[in-house]
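Please view the sequence and the model together before reading on.

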Amino acid sequence: MYRYLVSVFVVFIIVRMYQRYRAGHISSRRLLTWMGLWAVVLWFSWMPQYADKLTGFLGVGRGVDLLFFVAILMLVTLLLNVYVQLEKQRLEITSLVRELALRDMERQKTKP
Amino acid sequence: MQEQRDNLAGVYVVVPAYNEAAVIGEVVADLARFVPPRQVIVVDDASGDDTAQAACRAGATVLRHAINRGQGAALATGIQSALRLGASAIVTFDADHQHQADDLPAMVQPVLDGEADVVLGTRFGAAQSSRHIPAVRRMLLRAAVLYTRVSVKLRVSDTHNGFRVLSAKAAGLIRIHQDRMEHASEILEQIAKHRLRYVERPVNVRYTAYSLGKGQRNRDAFKIMFKLLLHRVTG
């Protein structure tokens with residue numbers, strides 16, 4: 001049952017990602033990356049025996065443990081990415097505030 | 001006194017300020033004994049009180065941030081404005097009146113003499129000053145000194161003293177990206193990165209109930225450390 005639910009969910013996500021790509025919100029590279037990742041999730045949900053082989057190879061107990069490890073790694077990566085984006089925005093806001101203050105100073109200087 | 005003022009002709013003092021209406025006038029007046037008040041640049045970091053007006057009344061050049069960005073950001077704004085105004089040396093000075101303007105000539109002299117690009121004020125050079133540092137604060141400052149020696153290989157005795165002097169060259173090279181209190185450590189990293197010549201000079205710091213109330217909390221040290229490490233990891 002779960003593999004059907006996972007399949008519906010993955011298809012939904014892929015369609016949404018494609019729509020965002022068509023709207024120009026994400027690049028083709030990002031689209032392909034996400035599609036690849038979700039395709040892997042879909043594949044393992046339908047072929048769990050390969051997940052068991054992989055976990056055995058990696059020395060992880062169960063497939064679901066591997067899933068958690070991978071999910072945590074992905075979340076940390078995403079979080080770092082979000083942090084980098086926020087930092088970029090912070091710098092831009094500060095630059096803007098600075099420029100406004102400096103222009104105001106220049107304007108005050110030229111006032112008669 | 002006039003001779004001293006002539007000697008400091010190209011010197012601008014940057015005072016980042018947030019809600020310092022109570023003391024900013026005295027700070028500007030104190031500095032004005034050594035430099036013309038228009039060469040004191042007060043950067044009002046979107047204070048909720050009359051800091052900007054009080055600084056204006058005292059004769060300072062006042063810049064205002066439209067929204068609060070932090071002391072580091074205000075300092076960087078002040079430094080840029082000083083460079084645009086043609087400063088040959090830029091002093092950074094706290095707005096809470098912990099620093100003493102009497103230390104200004106001795107702080108600036110190494111830069112004016114060409115002996116150094118940066119002069120860093122230290123509380124630990126003057127025994128009188130370091131004696132009044134609260135014990136926990138002293139311990140955290142020592143830890144920060146150790147971290148600085150290990151991470152950027154700078155031998156300094158006081159890593160978080162807001163009283164410093166930058167030559168115009170140093171001010172042009174140093175980029176302050178950290179908006180909040182982490183900027184102090186970032187300045188040291190930039191000094192090491194650009195291999196700027198630096199010296200330390202003792203400064204007197206006056207701890208009052210007012211300034212301790214406004215200053216950093218001891219637990220902020222861990223936040224600063226965490227932010228600096230995160231900045232290093234994410235680049």
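Which residue in strand 3 of chain B stands opposite B:V43? In this predicted model, that residue is B:L63.

## The sheet of chain B

Strand 2 of chain B, made of residues 40-44, runs parallel to strand 3 of chain B, and four bridges join the two. Strands of a sheet pair through backbone hydrogen bonds, in either a parallel or an antiparallel manner.

Both strands belong to an open sheet of seven strands in chain B, ordered 3-2-1-4-6-5-7 and with mixed pairing. The edges are formed by strand 3 (61-64) and strand 7 (198-202) of chain B; each has a single partner strand, so one side of each is left without a neighbour in the sheet. From one strand to the next, the twist averages 20 degrees.

## Helices packed on the sheet

Helix 2 of chain B (residues 24-31) packs on the sheet, where it touches strand 1 (11-17) and strand 2 of chain B. The direction of helix 2 makes about 170 degrees with that of strand 1 of chain B.

Helix 4 of chain B (residues 71-84) also packs on the sheet. The strands of chain B that helix 4 touches are strand 1, strand 2, strand 3, strand 4 (89-92) and strand 6 (164-167). Its direction makes about 155 degrees with that of strand 1 of chain B.

From its first C-alpha to its last, helix 4 of chain B reaches 20 Å with 14 residues, close to the 20 Å expected at 1.5 Å a residue. Of these 14 residues, 10 are buried, so the helix is largely enclosed by the rest of the structure. Among the buried residues are B:G72, B:L75, B:I79 and B:A82. After helix 4 of chain B comes B:G86, with a positive phi near 90 degrees.

## The interface with chain A

Contact between the chains involves 21 residues of chain B and 15 residues of chain A. The area buried between them is about 1,700 Å², and carbon and sulfur atoms give 64% of that area.

Three salt bridges are found across the interface of chain B and chain A. The side chains of B:R84 and A:E106 meet in a salt bridge, at 3.9 Å from N to O.

## A loop residue

B:M181 lies in the loop between helix 8 (168-173) and helix 9 (183-193) of chain B. Is B:M181 buried or partly exposed? Its relative accessibility is 25%, and B:M181 therefore counts as partly exposed. B:M181 and B:D44 are 137 residues apart in sequence, and their C-alpha atoms are 16 Å apart in space.

Note on methods
Residues are numbered from 1 along each chain as its sequence is written. Chains are lettered from A and ligands numbered from 1 in the order in which they are written. This is a predicted model: local features need pLDDT of at least 70, side-chain atom pairs count only at pLDDT 80 or more; totals for chains, interfaces and linings use all residues. Side-chain values use heavy atoms; hydrogens and water are left out. Two strands pair if DSSP finds at least two bridges between them. Axes are lines fitted to C-alpha atoms, for helices over the stretch in contact, and angles run from 0 to 180 degrees between N-to-C directions. Contact means heavy atoms within 4.5 Å. The expected span of a helix is 1.5 Å times one less than its number of residues. Buried means under 20% relative accessible area, exposed over 50%, partly exposed in between (1.4 Å probe, protein chains only). Buried area is the accessible area (1.4 Å probe) that two parts lose on being put together, summed over both. A salt bridge is a side-chain nitrogen of Lys or Arg within 4 Å of a carboxyl oxygen of Asp or Glu.
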